[in-house]
Amino acid sequence: QVQLVESGGGLVQAGGSLRLSCAASGLTFSNYNMGWFRQAPGKEREFVTGIKWTGSSTVYLDSVKGRFTISSDSAKSTVYLQMNSLKPEDTAVYYCAAAHIFTASGQPMDNPRIYNYWGQGTQVTVSS
C-alpha cells in the first residue's frame, strides 16, 4: 500500500519560512518523480515544483522561483519543500505527489495527470 504523508505545515507570518516533508512508503522511491502541488480556497490545484527521480532536475512555478526549494533524500524516501519569504498568496493546502518514471516519461512535470499517488495534504497559512 502506497502512502505519501506530508508534514510541516502551519501558520507563519509573511516573510517567514516553513519546511514541508513528504515521506513515501510502499513504493520504490527511485522509480518516481516527485512533485508538490497546492490548492487555495476557491481555486484549482496548481503545480508548485517537481524533482526528477535522479534528484538532478527540478522545475518551479514562476511565482515561487528563488523562494522555494525542492529536494529529496532517497535513503529516507522523503521529499522536502523549503519555503522562504512566504507571502499571504502562498496560503493553500500543499499536496505531495509521486509520478512513476514510465508514466512521467516525456510529459511535463506540471501535468497533474502523470502523478499516480497523492498525499492527504498539509495546510500552510501565511498571515499578513
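Q: What makes strand E1 and E3 count as a pair?
A: Strands pair if DSSP finds at least two bridges between them, and E1 (residues 3–7) and E3 run antiparallel with five bridges, so they qualify under that rule. As for the labels, strands (E, at least two residues) and helices (H or I, at least four) are DSSP runs, numbered from the N terminus.

Q: What should I know about the model itself before going on?
A: It's a predicted model, where local features need pLDDT of at least 70 and side-chain atom pairs count only at pLDDT 80 or more, while totals for chains, interfaces and linings use all residues. Residues are numbered from 1 along each chain as its sequence is written, and side-chain values use heavy atoms, with hydrogens and water left out.

Q: Which strands does E8 pair with, and how many bridges are there?
A: E7 and E8 are antiparallel over six bridges, and E3 is joined to E8, also antiparallel, by six bridges. In E8, Met83 is the bridge partner of Phe68, and Gln82 stands opposite Arg19. E7 and E8 form a hairpin with four residues between them, and Ser77 in the turn has a positive phi of about 50 degrees.

Q: What makes Cys22 and Cys96 a disulfide?
A: The rule asks for a pair of cysteine sulfur atoms within 2.5 Å, and the sulfurs of Cys22 and Cys96 are 2.0 Å apart. The link ties together distant parts of the chain, with Cys22 in strand E3 and Cys96 in strand E9, 74 residues apart. The angle about the S-S bond is -75 degrees, making the link left-handed. Cys22 and Cys96 are both buried.

Q: What makes Phe37 and Phe47 the kind of ring pair they are?
A: Their centres are 5.5 Å apart and their planes at 75 degrees, so this pair is edge-to-face. Phe37 is buried at 1% relative accessibility, and Phe47 is buried at 9%. Phe37 and Phe47 belong to one aromatic cluster with Tyr115 and Trp118.

Q: Why is Arg45 said to sit over the rings of Tyr95 and Trp118?
A: A charge sits over a ring if NZ of Lys or CZ of Arg is within 6 Å of the ring centre and within 35 degrees of the ring normal. Arg45 lies over the face of Tyr95 at 4.0 Å from the ring centre, and its charged end is 4.8 Å from the centre of the Trp118 ring.

Terms used. Buried < 20%, exposed > 50% of the residue type's maximum accessible area, 1.4 Å probe, protein only. Phe/Tyr/Trp six-rings, centres within 6.5 Å; stacked < 30°, edge-to-face > 60°.
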